[in-house]
Amino acid sequence: DFSESDTLKRVKPSPTIAVTAKAREMARQGKKVISLGAGEPDFDTPENICDAAIKAIKRGETRYTDVDGIPELKAAIVAKFKRENGLDYKTTQVSVSPGGKPVIYNAFMASLNAGDEVIVPAPYWVSYPDMVLLAGGTPVFAVAGMETGFKLTPETLEAAITPKTKWLILNSPSNPTGAVYTAADLKALGEVLKRHPQVWILTDDMYEHLLFDGMEYATIAQVVPELYDRTLTMNGVSKAYSMTGWRIGYCAGPEPLIKAMSKIISQSTSNACSIAQWAAVEALNGTQDFIAPRADIFQKRRDLVVAMLNNARGITCPTPEGAFYVYPSIAGCIGKTAPSGKIITNDEEFAGELLQTEEVAVVHGAAFGLSPFFRISYATSESVLTEACSRIQRFCASLK
Ligand code: PLP
């Protein structure tokens, strides 16, 4: 009989994908489910990017490429880091993989030994702890709660560091909270990190371009240059360019790490899709004009969702500055009784009752390592969001 490997037994499947699957199943049964679980923009990939892919096919760019990316894409990435982040990288410091996910996974596979610790600020993107576990490391959670705007403080970071700490993960704007670290926040964390040379920093900048209220973007290797030699700056085209299905993620960092990752890629996935790589070249080098208007649309949706959720009894919803998620607290709903007669004792039960009663799918906070909260992805139309938030208001009003 089949039995999972010991490594895999330490890992759970992605809870966000599980919620989305459950909502889809209910929809198949004819229910009018609104799914706010998935983390992908609802916009189409811009036309110039699609055209570049079609041209690449017609040119015959359909073969194996260099395992960690074509030179043209690496050059576009180098130019992006210079233009947008003021960071100098050489093409030998750049690596491309089929999505941001494998970039992070490969970085851990390339660097972690048993017993190595990775500091994961909580709430976290669901895949971080499990990728650390898959790579044989140990996730160490550092609470970044609502009181500190869901941002890691220098004190909490200092307390989490041990001689075994290998990596700190930073993610700004954050999935699931939308929190954004300012340059000042990063400098304060940098002061701590400068004292601990064994700690490397993996910064997941995937949501860089989904930024609101005129916030300025900052990434740690830029604002704390002393950390440049132990920072892996990771990014991708999935969210900024609405290219989740194309599967292109990239990173830049110290050459030995990039080389080690390339060894893994060469013995596992090989190159990211050649056609998608050419599309990514156009995404990075072509017009960036659609980014700001799309961010404006997200900001309007954010305002709508935050206002409506703060009008739901028992919910407190902070206003995030980026990404397309809100992470409201349901502390005021705990201990109340749902229409089904069930007493809500945690956020998983809240999400479960909400799905059964009002057919709105959200992801419970425990999945992201901080309760009692839930996450809404507002990457959908204002009319759907209005309907979903009305249902949530009705559900909260029905709690006794
Ligand atoms: N990092 C964060 C914080 C994300 O939310 C996601 C996608 O949901 C990724 C990385 C992975 O992106 P990709 O689809 O390029 O693998």
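Let me start in a loop: Pro-176 is found between β5 and α8 (183-194). Helices and strands here are DSSP runs, H or I of at least four residues for helices and E of at least two for strands, numbered from the N terminus. The bond from Asn-175 to Pro-176 is a cis peptide bond, with omega about 25°.

Before going on, some ground rules. This is a predicted model, in which local features need pLDDT of at least 70, side-chain atom pairs count only at pLDDT 80 or more, and totals for chains, interfaces and linings use all residues. Residues are numbered from 1 along each chain as its sequence is written.

Strand β5, residues 165-171, is mostly covered, with 6 of its 7 residues buried. Buried means that 20 or more other C-beta atoms lie within 10 Å of the residue's own; exposed means 12 or fewer, partly exposed is in between, and the C-beta atoms are placed from the backbone.

Which strands does β5 join? Strand β3, residues 117-122, runs parallel to β5 and is joined to it by 3 bridges. Ile-119 has Leu-168 in β5 as its bridge partner. β5 and β6 also run parallel, joined by 5 bridges. There, Ile-169 has Leu-202 in β6 as its bridge partner.

These strands belong to an open sheet of 7 strands with mixed pairing, in the order β2-β8-β7-β6-β5-β3-β4. Two strands count as paired if DSSP finds at least two bridges between them. At the edges are β2 (94-97) and β4 (138-143), each of which pairs on one side only. On average, neighbouring strands of this sheet are turned by 25° against each other, direction ignored. For such angles, axes are lines fitted to C-alpha atoms, for helices over the stretch in contact, and the range is 0 to 180 degrees between N-to-C directions.

Elsewhere in the sheet, β7 (residues 231-236) and β8 (residues 249-252) pair in the antiparallel sense over 4 bridges. Met-234 is opposite Cys-251 in β8. Helix α4, residues 71-85, packs on the sheet and touches β2 and β8, its direction making about 120° with that of β2. Contact between two residues means that their C-beta atoms, placed from the backbone, lie within 7 Å. Helix α10, residues 255-266, lies across β2 and β7 and runs at about 25° to β2.

Next, helix α5. The 12 residues of α5 (residues 100-111) should span 16 Å at 1.5 Å a residue, and the end C-alpha atoms are 17 Å apart, which agrees. The expected span is 1.5 Å times one less than the number of residues in the helix. Is α5 mostly covered or mostly exposed? It is mostly covered, with 9 of its 12 residues buried. Among them are Val-103, Ile-104, Tyr-105 and Phe-108.

There is another open sheet, of 3 strands, in the order β9-β12-β11 with antiparallel pairing. Its edge strands are β9 (325-326) and β11 (363-364), each pairing on one side only. β9 and β12 (residues 374-377) run antiparallel and are joined by 2 bridges. Val-326 is opposite Ile-376 in β12. In the loop between β11 and β12 sits Pro-372. The peptide bond from Ser-371 to Pro-372 is cis, with omega near -5°.

Two loop residues other than glycine have positive phi. Phe-150, in the loop between β4 and α7 (154-160), has a phi of about 60°. Phe-150 counts as buried because it has 23 C-beta neighbours inside 10 Å. Ser-270 is in the loop between α10 and α11 (274-285), and its phi is near 60°. With 13 C-beta neighbours inside 10 Å, Ser-270 counts as partly exposed.

Finally, the overall layout. The chain is divided into domain 1 (6-44 + 291-398) and domain 2 (63-285), with bounds from an automatic or database domain assignment. Their C-alpha centres lie 26 Å apart. Across the boundary, 33 residues of domain 1 are in contact with 32 residues of domain 2. On the domain 1 side, the elements giving two or more residues are α2 (15-28), α12 (291-310) and β9. α12 gives the most, with 5 residues.
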